[in-house]
Amino acid sequence: MSDTPALLILVAAIFTNNILLSNFLGMCSFLAVSRQLDAAVGLGMAVVFVMTCTTPLNYVIYYDVLLPWGIEYLALIVFIAVIAAFVQFVEMFVERFSPKLYYALGIFLPLITVNCAILGAALFMLVRKYNFAQSVGFGFGAGVGWALAIILIAGLRQKMGYSNVPRPFEGVAIAMIITGVMAMAFMGFAGMVSIQ
Amino acid sequence: MAEKSPATCEACLTGSLRGGKGMETFRGGLWTNNPISIQILGICSALAVTNRLENSLVMGAAVTFVCIASNLFVSLLRNATPRRIRMIAEVAIIATFVIVIDQLLRGFYWDMSRRLGPYVGLIVTNCILMGRAEAFALQNPPLLSMVDGAANGLGYAAVLAVIGFFRELIGSGEVFGKPVLLSEWFTPNQLMIVAPGAFFALGFLIAAFNAVKGHPQEKKR
């Protein structure tokens, strides 16, 4: 994998290997926030930002600190700590500059810390042995892919409010099925470019 | 339920569980308040590892272990933890046990460790663990918290097993890697193995739960 251009990884992370639709990461906040379009856009942007910054940051910490000291089994705790600190930063930033968005996102902003997509991006970066440029591309692409998926599905779910869904399927169940259809649509990109 | 923040969950749970009935707590985790199908937590791994029954069972066991252990320790430390840093303390406790599981799998079950890949590490961010620590272990004594952890872990494992069973059965006609459905009238439906099949399977499972138990989101609109 080490010779794939970073740009290719970026495109693949958005479309063919979408972190939400093909790796199922970040489902919790996805289901909770994808009911309104504007909250979805806000959270999507926050995730893009956090993921673009934390993935390369975790790369540097893993390869320059943990590995030389032989404590790479601590990677999980360290990654979580880095992500938590970063989210705190984004939260203060959003609260200061966009109080409206802050109230719209409410509880879910701190929950980015436990958004599996962010930690997942860092772990996939390790498993797939990306180099620095590739992990920048992957972090950004995965964030954009996640945001794209949540925004598309929020749009669909808003329209869904007017349709007559069978009673047991209302709410989460139908959202899962829409997501499945969306995942099928994204699988159509699979012939275009693919990463492991 | 998706829109329940940990804070409201706390309120609704302590009301019904203050009596300290171990059995009631156990039933809550397994059935009446099942983490996946009712609380809609921990979906990521429920979808990602369930393409085979064996993976689902190992994942369920891992989460059950971490859930019991982390609930126990969060509960033991609940009076010593300052409120402001409780989240970080919880994450640190959970991450410790996830590392234990990860190293165990690497050491003794390398095949499975490779198949589950990063999803073992991702147990850290599984909302069930954080949710139970916040909503239950922080207010309850250690033993009861362990019961709650076990119940939620097993409830999670049970749902994973059901999804894993159906996905493997329909997707490749096998159970535990043994062909059971392969004959001339059955063609494996590859869709169930890949990503969209996971979404469909969980969607139908939740709908089935709703149909049996009555819909939890009556007041949504």
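**Notebook: helices, salt bridges and a nonpolar patch**

I started with helix 7 of chain B, where B:C127, B:I128, B:L129, B:M130, B:G131, B:R132, B:A133, B:E134, B:A135, B:F136 and B:A137 are buried. For burial I used under 20% relative accessible area, with exposed over 50% and partly exposed in between (1.4 Å probe, protein chains only). Since 11 of the 11 residues of helix 7 (residues 127-137) are buried, that helix is largely enclosed by the rest of the structure.

Ground rules for myself: this is a predicted model, where local features need pLDDT of at least 70, side-chain atom pairs count only at pLDDT 80 or more, and totals for chains, interfaces and linings use all residues. Residues are numbered from 1 along each chain as its sequence is written, chains are lettered from A and ligands numbered from 1 in the order in which they are written, and side-chain values use heavy atoms, with hydrogens and water left out.

**Chain B overall**

I noted nine helices and two strands in chain B. Helices (H or I, at least four residues) and strands (E, at least two) are DSSP runs, numbered from the N terminus. The order from the N terminus is α-α-α-α-α-α-α-α-β-β-α. Of the 221 residues in chain B, 56% are buried.

**Salt bridges**

How many salt bridges are there over all chains? My search of the whole structure gave four, taking a side-chain nitrogen of Lys or Arg within 4 Å of a carboxyl oxygen of Asp or Glu.

- B:R132 pairs with B:D148, with the closest N and O atoms 3.0 Å apart. This links distant parts of the chain, B:R132 being in helix 7 and B:D148 in helix 8, 16 residues apart. B:R132 counts as buried at 3% relative accessibility, and B:D148 counts as buried at 1%.
- B:E168 bridges to B:R52 at 3.5 Å between the closest N and O atoms. Here B:E168 sits in helix 8 and B:R52 in the loop between helix 3 (43-48) and helix 4, 116 residues apart. B:E168 is buried at 1% relative accessibility, whereas B:R52 is partly exposed at 27%.
- B:R106 meets B:D102 at 3.4 Å, N to O. Both lie in helix 5, four residues apart, about one turn of the helix. An α-helix has 3.6 residues a turn, so residues three or four places apart point the same way. B:R106 is partly exposed at 45%, and B:D102 is buried at 13%.

**Nonpolar patch**

Which residues make the nonpolar surface patch of about 490 Å²? I listed B:F65, B:V100, B:L104, B:F108 and B:Y109. Helix 5 (residues 86-108) of chain B gives the largest share, three residues. B:F65 is in helix 4 (residues 53-76) of chain B and is partly exposed at 36% relative accessibility.

**Helix packing**

Helix 4 and helix 8 (residues 142-172) of chain B pack at about 165°, axes 8 Å apart. That makes the two roughly antiparallel. My cut-offs were under 35 degrees for roughly parallel, over 145 for roughly antiparallel, 65 to 115 for roughly perpendicular and the rest oblique.

A:K129 has a positive phi of about 55° although it is not a glycine. I found A:K129 in the loop between helix 6 and helix 7 (132-160) of chain A, exposed at 61% relative accessibility.

Notes:
Patches are made of residues with over 30% relative accessible area and no salt bridge: like charges are joined within 9 Å, nonpolar side chains (Val, Leu, Ile, Met, Phe, Trp, Tyr) within 5 Å. Accessible areas come from the Shrake-Rupley method with a 1.4 Å probe; for residues, only the protein chains shown count as cover. Axes are lines fitted to C-alpha atoms, for helices over the stretch in contact, and angles run from 0 to 180 degrees between N-to-C directions.
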